[in-house]
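Here are my notes for anyone opening this one for the first time. Have the model on screen and go through the points in order.

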Amino acid sequence: MVTSQKILRVFLASPSDMQEERRYARECVDEWNDVNGERSGWYVDLLGWEDTLPQAGRPQAIINEDVNRCMMFIGMMHRLWGNRTGSGHTSGFHEEFLLAESRHESTGEPHISLFFKDAGALNDPGDQLKKVISFKEEITESKRHFYKSLPSDTAEWQPAFRRVVHKLIFKIIAKYDDQSSSSVSESEGADHSSSRNQPALISGPSRERIEAAKQILAKIESFDTDYDVSALDIARLRLVGVGWRSTGLSEMSVGTHDANFVYSQADIRTLSLPEISALVDCGVAHIASQNAPLWKWLYHGSEQVNAVRLAALFSSEDSVRSGAFTVLGLINDDFGGYRDLLTSQFSEFSAVSKSAALRYIGAIGDSEFLQLCLDELTISDPSTLNDALLAIVGILSRDSASEALLYLINENRFPTGEWHDRNAIILAMDDLADSAVEKALLHRDASIRIAAVRTLSNRKPLPAATSSALRSDPSASVRMAAVEVALQSGETLSLGDIEKILVRTKRNAFMEMRKEGEEEFAKLREIVFRGMSDDELSEELDSFYTPANIAYATLLQRHWKQRSKSARSDLSDGFDEYFARLKRSYTNRFGESSANSMVPTGELMDYVAWNMIKATLAVFANKGDSKDIRFFREAIKNKYYTIQPHDLAFFAKYGDWTDILPISNASRAVGFGLFAPNTVSDVEIASAIRKIAGSRLFEVLKMDIRPSIKSAIVKSFPQNAFRSLSDEAIISLLNDTNDEIRRRAAIKVTETISKDRVTKLISNYLKQSYIYYNVIHWLDLKISAPLHISRLVSASR
């Protein structure tokens with residue numbers, strides 16, 4: 001606990017048209033004090049004209065006394081400049097600002113931050129706004145002080161203002177803390193030249209470790225026999241011991257078993273700072289597996305978060321350093337007063353630690369680290385290249401997705417894998433100028449090229465040369481986009497033409513020849529069929545093979561009332577009679593011998609029939625009613641049928657309890673092999689099950705369904721429904737043998753259950769003979785971390 005408090009005096013200056021903003025500024029400061037005051041040792045005292053007591057003298061001069069003693073000056077402006085003061089200044093705000101600026105130039109205080117709220121477009125801004133605009137231009141050009149433009153809409157400017165102000169407060173108190181530490185060191189006359197390069201990591205000073213060890217050993221010495229020494233005493237001695245680090249040891253931090261044991265047995269008030277530091281060290285090192293407690297130790301006093309920053313900078317262990325960066329990213333920490341050290345130390349990091357630091361930078365999106373990321377990207381180290389690029393995108397997209405996209409286009413780069421905001425950044429193509437979009441047509445990434453094709457074609461017709469080049473693109477998806485644009489513009493392309501453009505024979509990763517583009521061709525073929533006449537579609541029906549199934553479904557969609565009865569009949573017998581009629585037609589036209597050679601048999605006939613059923617059910621999913629559920633139930637039992645999103649939607653609408661197991665076990669793989677893609681995800685299946693089960697959702701979790709689907713159900717469990725579960729039901733989820741289900745259940749607890757109830761839950765959970773460590777990690781987050789941190793961490797995982 002912090003034993004003394006320091007006050008950060010902040011003066012708030014603004015003309016009279018910023019009353020709402022002033023009220024919100026006070027709310028932001030109150031929130032900061034509530035969340036951070038006790039653990040940081042700092043409280044913010046917001047000063048302004050409202051705080052000036054009536055007394056003799058010029059009113060502005062009395063207000064200026066607060067300006068003279070403030071440590072941070074916040075100025076806010078919108079459309080008004082204000083009126084002249086008794087001292088001859090053009091406004092009270094202007095007098096306050098000049099006074100603060102004069103102090104800053106001579107003493108370095110106060111830190112000055114200016115916020116300009118968007119005034120909108122006005123034909124005649126008037127004298128007041130002209131002065132505001134002139135002042136902003138002066139500030140912008142001089143670059144003497146921090147300033148930020150805010151949108152005029154309340155829902156937009158409030159979170160932006162809050163985020164920046166909180167960050168500025170942290171930055172300033174870190175500066176004062178650094179100055180305080182420096183002055184103490186100098187007054188003690190100590191030589192800290194070496195410790196500045198290698199500061200203590202998460203562990204405390206040696207003298208504190210020695211004292212802690214003495215106290216534990218003194219307790220042990222008082223026992224009559226070794227049998228009287230408890231497991232907790234031994235664990236605590238280990239905690240103190242790991243503070244002395246030696247490269248000759250295989251483990252540089254306490255193990256997860258000891259950490260969880262101490263969590264369950266020890267009163268934190270009895271633990272020394274070195275012990276708590278060692279426990280933080282363990283939690284940080286194992287943050288990836290989430291199997292060690294962290295939050296109880298991390299938020300016990302204000303010094304531990306600072307120690308994690310130091311661990312990120314100076315730890316000799318990649319696991320601790322990487323874990324530290326991960327933790328700081330999870331809690332959205334701005335690195336306090338060590339930002340310059342991060343920049344200077346970064347080049348000394350291992351590749352593993354560099355990647356962790358880059359992921360942290362990308363998560364917080366701070367432009368101060370942009371050059372660091374650009375430099376790392378220039379090095380072109382394969383082990384950090386993608387993380388550096390993602391960090392740059394994270395920084396640029398914080399203010400503008402289009403700016404991030406423009407960078408990727410100009411640099412002809414694109415991060416690999418799935419990453420946050422990927423789709424939002426690609427969609428920003430609509431905001432770019434034609435020249436940038438045209439450049440994107442040549443980008444190395446297919447998704448960028450596709451977005452460019454669609455954006456540019458919406459603005460103007462594609463030149464013939466561009467269209468031709470796109471149809472020869474290496475990516476089938478890009479070629480498909482080019483053909484779609486051509487069809488939409490009225491160009492006539494036969495199915496044969498489209499197939500030639502899309503389908504190519506290529507070698508796969510195993511050097512086997514495979515056709516590429518067949519899936520894209522199938523999608524476009526459906527689009528072409530929707531534009532065909534009934535007569536043309538009827539001609540396509542004269543076949544057993546695709547695209548006869550597409551023609552059938554298209555006609556059914558188009559003439560539902562006339563054809564739905566016969567379609568139900570066809571589905572009822574699996575299209576047996578339908579194909580029997582077609583075979584008789586072949587026999588009449590070509591003779592029995594020729595007809596027999598043209599008609600599929602055996603498993604091939606089964607496959608053909610199920611293709612027809614699949615296409616027909618796609619229409620029924622859109623137009624059918626409750627009595628058609630029988631067709632879907634029959635279909636998902638068949639080995640040739642892969643369940644589709646529209647099937648799940650139909651089950652969600654008309655299914656009942658008996659459908660839950662079948663749809664969870666239905667085939668959903670496209671093709672064969674280990675890497676065959678799925679037609680539907682666990683999340684989509686879980687969503688359908690949730691709608692079917694209704695209030696009985698918890699009973700589903702007792703059923704024999706795939707763990708991955710159970711996990712998705714727990715994740716999507718409605719908050720009120722989860723909150724209404726009994727403690728016994730929740731404990732049963734937390735004891736599930738599947739690690740991911742336990743983890744999802746524990747996270748759901750942190751998201752939905754009150755702190756008091758979680759405190760009781762974890763108390764009962766720890767009484768069990770067997771506990772799971774990842775459950776402790778998550779429940780501890782709820783009861784130990786500040787509420788906003790708990791929400792941040794839960795949402796990110």
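1. A word on labels before anything else: helices (H or I, at least four residues) and strands (E, at least two) are DSSP runs, numbered from the N terminus.

2. Some ground rules. Residues are numbered from 1 along each chain as its sequence is written, and side-chain values use heavy atoms, with hydrogens and water left out. This is a predicted model, so local features need pLDDT of at least 70 and side-chain atom pairs count only at pLDDT 80 or more, while totals for chains, interfaces and linings use all residues.

3. Now the overall picture. The chain has 43 helices and seven strands. Of its 797 residues, 47% are buried, where buried means under 20% relative accessible area, exposed over 50%, and partly exposed in between (1.4 Å probe, protein chains only). The accessible surface comes to about 39300 Å², and carbon and sulfur atoms own 50% of that; areas come from the Shrake-Rupley method with a 1.4 Å probe, and for residues only the protein chains shown count as cover.

4. Contact here means heavy atoms within 4.5 Å.

5. The sheet deserves a look. It is an open one of five strands, in the order E2-E1-E3-E4-E5, with parallel pairing. Strand E2 (42–47) and strand E5 (146–150) stand at the edges with a single partner strand each, so one side of each has no neighbour in the sheet. From one strand to the next, the twist averages 20°. Two strands count as paired if DSSP finds at least two bridges between them.

6. Zooming in on that sheet, strand E1 (residues 6–13) and strand E3 (residues 72–77) pair in the parallel sense over four bridges. One to click on is valine 10, whose bridge partner in E3 is methionine 72. Helix H4 (residues 126–142) packs on the sheet and touches E3, E4 and E5. The direction of H4 makes about 135° with that of E4; axes are lines fitted to C-alpha atoms, for helices over the stretch in contact, and angles run from 0 to 180 degrees between N-to-C directions.

7. Back to cis bonds: the peptide bond from glutamate 109 to proline 110 is cis as well, with omega near -5°. Proline 110 sits in the loop between helix H3 (92–107) and strand E4 (111–117). For background, most residues other than glycine have a negative phi, and most peptide bonds are trans.

8. On the phi side, glutamine 290 has a positive value of about 55° although it is not a glycine. Glutamine 290 lies in the loop between helix H10 (273–285) and helix H11 (295–298). Is glutamine 290 buried or exposed? At 6% relative accessibility, glutamine 290 counts as buried. Asparagine 332 also has a positive phi, near 55°, in the loop between helix H13 (318–330) and helix H14 (339–345), but asparagine 332 is partly exposed at 43%.

9. Which residues of helix H27 are buried? Ala548, Asn549, Ile550, Ala551, Tyr552, Ala553, Thr554, Leu555 and Leu556 are, making nine of the 11 residues in H27 (548–558). These buried residues pack against several helices, including helix H25 (518–530), helix H28 (560–572) and helix H31 (602–623).

10. Further along, alanine 666 is in the loop between helix H34 (660–665) and helix H35 (682–693). Alanine 666 is buried because its relative accessible area is 6%. Not counting residues up to four places away in sequence, alanine 666 touches Ile636, Ile643 and Arg706.

11. Last, serine 790 in helix H43 (residues 787–796). Serine 790 counts as buried, at 1% relative accessibility. Leaving aside neighbours within four places in sequence, serine 790 is in contact with Thr750, Leu781, Lys782 and Ala785.
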